Amino acid sequence: MFITHFRAVSLAVAMLPALAPAAPLTLEQALELAVQRSEAARSSRAGVHGATEAARAAGQLPDPMLRAGIDNLPVTGADRFSTTRESMTMKRIGIAQEWVSSDKRAALQAAADAMVGRESISLQATAAEVRMQTALAYLEAYFAGETLRVITLSEHHAHEELEAAKARLSSTTGNSQEVLAMTSALGVAQDESAEVRQQQSAARVALERWVGLPAEDLAAPATPPTASEALFVAHHPVVLAAQRDIDVARRDAVVATANRDPNWSWEVSYGQRTGYSDMVTFGVSIPLPVSRAERQDREAAAKLAFVEKAEANLAEATRSATAEYRSLASDASRLAERVQRYQSSIVVPAQQRTVAALAGYRSNQVSLTTLFDARHAEVEAQRKLLVLRRELAKAQAQLAFKPLSNGGAR
């Protein structure tokens with residue numbers, strides 16, 4: 001009996017999280033989910049891993065070569081193909097190694113490390129883009145829900161006013177035109193609700209694409225802290241990527257300059273002869289750059305041209321990032337002013353008009369149509385205010401999530 005009771009209690013405790021109402025999804029939770037499940041971020045992480053592994057091998061010497069063969073093997077006469085009858089025939093085995101100077105290996109290592117830095121910036125830029133797109137999708141879904149709430153209230157008011165018009169029609173105070181007007185108004189409100197529900201459904205699908213789960217209830221997003229112009233430009237992903245491109249191009253140019261001096265190779269081998277003394281051979285191979293001006297110098301010049309290209313790209317990226325910040329900051333500032341002005345000069349008077357119309361209707365001083373017009377004007381004002389707040393939030397989100405938070409530090 002005790003065991004049965006204990007199992008029942010344990011099952012009830014285990015079901016508590018499932019029975020408890022789900023908490024609204026917050027913006028920060030959505031951003032974390034999006035980054036965790038992003039395939040683009042996984043691709044960038046693989047790129048960083050690949051560049052890191054390549055960098056670990058960049059400064060190593062090339063693998064040595066094992067050499068084996070038979071020297072002076074007779075191919076004619078009575079001793080042909082014999083390895084023991086001819087005194088000059090020798091079975092040989094040796095090892096060869098290409099020698100790369102420490103300076104050149106350091107240059108190769110630096111070039112590989114620069115590639116790791118560029119891939120790291122790509123990873124951070126991908127994560128930042130995922131966060132920004134998720135934030136924009138979240139804001140669209142949230143404000144679609146808020147708009148639906150306002151429109152649903154308007155539909156509810158239209159339904160109430162239609163019922164009131166029908167009740168007035170049965171008395172001497174109502175008329176059929178009032179009923180028809182309220183019927184049409186209810187139809188318009190229902191169609192507007194259907195339109196907003198459609199928009200909300202599309203916004204939720206777009207958000208689910210990023211977070212991986214349906215988001216029925218969204219918490220009100222907090223205003224994210226925005227960066228200054230200098231910080232926005234310095235940490236802009238395109239600017240940071242261009243800076244890493246310059247680093248890569250310069251390191252490649254150093255490698256190309258170092259390659260003007262060819263790598264030497266050395267070899268040592270041991271030769272065995274039958275009936276005669278064994279022999280050891282030493283040798284060095286030295287490439288001869290017979291046309292350095294037409295080959296090595298041109299390769300170095302090409303890499304230096306890529307450095308100039310990367311520097312020009314950085315200057316252009318900086319100008320673009322500066323213009324982007326100023327445009328977003330201007331939009332955010334003007335939208336904030338419009339939200340404040342619209343709230344005080346349009347929404348508040350519309351609310352006061354509704355209160356006055358409702359009081360007049362209850363005292364039989366204004367018609368039902370006047371009350372409906374006041375309520376409808378208030379709903380439209382609230383709806384327009386939500387549009388302005390949404391655009392302001394989207395501009396602020398781009399200012400906050402576009403730049404990389406740590407400036408691309410590795």
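Reader: Which helix gives the most to the lining of the largest pocket?

Author: Helix 4 gives the most, with 5 residues. This is a predicted model, in which local features need pLDDT of at least 70 and side-chain atom pairs count only at pLDDT 80 or more, while totals for chains, interfaces and linings use all residues. Residues are numbered from 1 along each chain as its sequence is written, and side-chain values use heavy atoms, with hydrogens and water left out. Helices (H or I, at least four residues) and strands (E, at least two) are DSSP runs, numbered from the N terminus. Helix 4 covers 102–169, and helix 2 (27–37), helix 3 (39–58) and helix 9 also supply at least two residues each to this lining.

Reader: How do you know which residues of the largest pocket are closest to its centre?

Author: A pocket is an open set of points on a 1 Å grid over the protein atoms alone, with protein on both sides within 12 Å along at least five of seven lines, and lining residues have an atom within 4 Å of a point. In the largest pocket 22 residues form the lining, and R131, F401, P403, L404 and S405 are the closest to its centre. The volume of this pocket is about 450 Å³, where a volume is the space filled by probe spheres set on grid points joined across faces, edges and corners.

Reader: What kinds of residue line the largest pocket, and how many of each?

Author: There are 14 nonpolar, 5 polar and 3 charged residues in that lining. Ala, Val, Leu, Ile, Met, Phe, Trp, Tyr, Cys and Pro count as nonpolar, Asp, Glu, Lys and Arg as charged, and the others, Gly among them, as polar.

Reader: What volume does the second largest pocket have, and which residues lie closest to its centre?

Author: The second largest pocket holds about 210 Å³ of space. It is lined by 16 residues, and those closest to the centre are F143, P221, A222, T223 and A393. The lining has 13 nonpolar, 2 polar and 1 charged residues.

Reader: Why are helix 8 and helix 9 called roughly antiparallel?

Author: Helix 8 (residues 296–362) and helix 9 (residues 368–401) pack at about 160 degrees, with axes 8 Å apart. Axes are lines fitted to C-alpha atoms, for helices over the stretch in contact, and angles run from 0 to 180 degrees between N-to-C directions. Roughly antiparallel means an angle over 145 degrees. Helix 8 and helix 9 are therefore roughly antiparallel to each other. Their contact contains 24 nonpolar, 6 polar and 9 charged residues.

Reader: What is the handedness of the crossing of helix 8 and helix 9?

Author: The crossing is left-handed, a word used if the near helix is turned anticlockwise from the far one by less than a right angle.

Reader: Why do helix 7 and helix 8 get the label they have?

Author: Helix 7 (residues 237–258) packs against helix 8 at an angle of about 170 degrees, and the axes are 8 Å apart. Helix 7 and helix 8 are therefore roughly antiparallel to each other. In this contact 15 residues are nonpolar, 4 polar and 6 charged.

Reader: What makes strand 1 and strand 4 edge strands?

Author: The open sheet has 4 strands in the order 1-2-3-4, with antiparallel pairing. Strand 1 (65–71) and strand 4 (279–285) each pair on one side only, and they are the edge strands. Neighbouring strands are turned by 20 degrees against each other on average, direction ignored.

Reader: How do you know that strand 1 and strand 2 pair?

Author: Two strands pair if DSSP finds at least two bridges between them. Strand 1 and strand 2 (residues 90–99) have 7 bridges and run in the antiparallel sense; R67 has G94 in strand 2 as its bridge partner.

Reader: How many bridges join strand 3 to strand 2 and to strand 4?

Author: There are 9 bridges between strand 2 and strand 3, and 7 between strand 3 (residues 264–272) and strand 4. I95 stands opposite V268 in strand 3, and V268 stands opposite F282 in strand 4. W99 faces W264 in strand 3, and E267 has G283 in strand 4 as its bridge partner.

Terms used:
Parallel < 35°, antiparallel > 145°, perpendicular 65-115°, else oblique. 1 Å grid on protein atoms, 1.4 Å probe; cavity = no way out; pocket = protein on both sides within 12 Å on 5 of 7 lines; lining within 4 Å.
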